[in-house]
Amino acid sequence: WHQGKGKTLPSVVCRPGRQQSTGPSEPGAFQPPPKSVIVDKRCLPGQETRFLSPEFIPPRGRTDPLKFKLERKEMLERRKVLCIPELYVGSILRVTTADLYASGKTSQFLGICIQRSGSGLGATFILRNTIERQGVEICFELYNPRVQEIQVVKLEKRLDDGLLYLRDALPEYSTFDVNMKPVSLEAGQEVPVNKLKVKMEPRPWSKRWERPKFNIKGIGFDLHLTEEQMKEAQKWSQPWLEFDMMREHDTSKIEAEIWEEIQASKNS
Amino acid sequence: MRGWRLLTQAGAQVLGRSSGSLSANKHLAFFRSLRGKNGTWWDEHLSEENVPFVKQLVSNEDKVQLASKLCPLQDEPWPIQPWEPGSSRVGLIALKLGMMPLWTKDGQKHVVTLLQVQDCHVVKYTSKENHNGKMAALHAGGKTASRFQLGLLPKQKVQIFRVTDNAVIKPGPPLYAAHFRPGQYVDVTGKTIGKGVEGIMKRWGFKGQPATHGQTKTHRRPGAISTGDVARVWPGTKMPGRMGNVARTTYGLKVWRINTKLNIIYVNGSVPGHKNGLVKVRDSKLPAFKDFCKNLPFPTYFPDRDEEELPEDLYDKNVWQSSEPSITFA
């Protein structure tokens, strides 16, 4: 707290709760700085946001960490050969695989990624598209050697981590042109979040998407459910879950170790 | 055991009961378990500062002993004999780490279990006559445990492997994962995961009854347990009870890959037991793989004796490695 006389205050300022007038009331009185001095170092535009693919983070369990290290070594070696891009649920991808029974021995599929599951070498992602008015979902393995190319046609995120509700949505939300041209993003721009609210088919749906356990924000519920039905769905809410300490799992240390391994393998 | 008889007599005298062995057995629970002859444990008379010092000292000694790959015994090991048809060699004790997918060069996906060999040593030799009259036996020990828990050698699991006379090894040398080679078939024995008391549908695979169409309180029950003519239930009838935690063997599992540096065996399919559980691995006894150990190290793999060093990873010829390019069907 020892500061020289006349020095400015430190950068993080606790502003007082009530501020009545903005202009100086008396000469020599405290004049608050014109702009907010609190700077969030995480959102600086120049910094690169490193993306750690979720299958690198091992699931919680009593498995020996040696097994995860061996798996990660294999995954990184495969990534040196095949470029696996940054992909999120809601981005549109085109995957080329080797197919024994197709002419030209390769087959391509374009679709929106609705789910990413699995960890380690067996990580998968499901792509959905509508072909000739029939919805088709294909589950691809990220590290399968038959996958020859994964091209991100449109990189974007959606409001939810899982888009399985597209199965009960109107078909226009799952239809994408197979010959779509890739949409490129500017370098350094954050991944755009598509805040689309999807319209659904009439009920009953395959799952009760209005229930709080699915925590879906990307459906326009007002068009399909009354307020009473939404209140009824809140009966299944479990508000104590967010305070459950046993469910807290801090992965920062594991992620730091994984980043070190990735750097080491890049250098070698 | 002699010790139990002494205890029962002491118990009977102390409590003044003169009934048979049944009641005396019940009172054994009141007495302290007497592991050694003196009835004390290792840190009973040590002061508080000395306990961590002794622990550290002993663990350092153990590490030094295990780190040296040479035989801890000073005498010469027994002569190595060549392989003959019909001979069987020692197996290993390994730790089940987990499971992983593996792809072959034709694009097929297989699942493999990783088994790590941690400090597996040959512990004891019993000759043919002492063992059972037909074959000699070698005792091999698995993971090293704390010295203060067990009696002589601190091994967590010791298993018996029946070997022919030409495959005997003098007790002492450690066994490595390179004892097995990719492309061979093994049998893996382990204790299955204990499920506790289970019903007949899970335990014996019964079909149960339908969920609807008027079934009253009968959906997972056995139904009939015997016929009417016998007027009793046959002993051994399948009924609910404890399931799991029993030694079971899976036969004929192919070895796809071996990591000689970390001593890990990649074995096809699944293996009985939970993760970090100890299993016994040996060459397959199936008639299809009877004389497979022709080209395998006999009686076992000695790293200091073989001139050529093995590469870090040994693969089966069909396995697709991650450093190879993607598979194409040309």
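Modeller: Let us begin with Phe109(A), Phe125(A) and Phe140(A), which form one aromatic cluster. The model is predicted, so local features need pLDDT of at least 70 and side-chain atom pairs count only at pLDDT 80 or more, while totals for chains, interfaces and linings use all residues. Residues are numbered from 1 along each chain as its sequence is written, chains are lettered from A and ligands numbered from 1 in the order in which they are written, and side-chain values use heavy atoms, with hydrogens and water left out.

Colleague: Why is the pair of Phe109(A) and Phe140(A) called tilted?

Modeller: Rings of Phe, Tyr and Trp (its six-membered ring) pair if their centres lie within 6.5 Å, and planes under 30 degrees apart count as stacked, over 60 as edge-to-face and the rest as tilted. The centres of Phe109(A) and Phe140(A) are 6.3 Å apart and their planes stand at 45°, so the pair is tilted. Phe109(A) belongs to strand 2 (residues 106–117) of chain A and Phe140(A) to strand 4 of chain A, 31 residues apart, where strands are DSSP runs (E, at least two residues) numbered from the N terminus.

Colleague: What makes the pair of Tyr185(B) and Phe289(B) stacked?

Modeller: Here the ring centres are 4.0 Å apart and the planes are at 5°, so the pair of Tyr185(B) and Phe289(B) is stacked.

Colleague: Why does Phe289(B) count as buried, and why is Tyr185(B) called partly exposed?

Modeller: Buried means under 20% relative accessible area, exposed over 50%, and partly exposed in between (1.4 Å probe, protein chains only). Phe289(B) has 17% relative accessibility and therefore counts as buried, whereas Tyr185(B), with a relative accessible area of 22%, is partly exposed.

Colleague: Which residues make the nonpolar surface patch of about 220 Å²?

Modeller: That patch is made by Ile225(B), Val233(B) and Met239(B); its members need over 30% relative accessible area and no salt bridge, and nonpolar side chains (Val, Leu, Ile, Met, Phe, Trp, Tyr) are joined within 5 Å. A salt bridge is a side-chain nitrogen of Lys or Arg within 4 Å of a carboxyl oxygen of Asp or Glu. Met239(B), at 34% relative accessibility, counts as partly exposed.

Colleague: What makes strand 4 and strand 5 of chain A edge strands?

Modeller: Two strands pair if DSSP finds at least two bridges between them. The open sheet of 5 strands has the order 4-3-2-1-5 in chain A, with antiparallel pairing, and strand 4 (134–141) and strand 5 (147–154) each pair on one side only. Strand 3 (residues 124–131) of chain A is joined to strand 4 of chain A by 8 bridges, and in strand 4 Cys139(A) is the bridge partner of Ile126(A).

Note on methods. Helix = DSSP H or I, 4+ residues; strand = E, 2+ residues; numbered from the N terminus. Patch = residues over 30% accessible without salt bridge, like charges linked within 9 Å, V, L, I, M, F, W, Y side chains within 5 Å. Areas by Shrake-Rupley, 256 points an atom, 1.4 Å probe, with all protein chains shown as cover.
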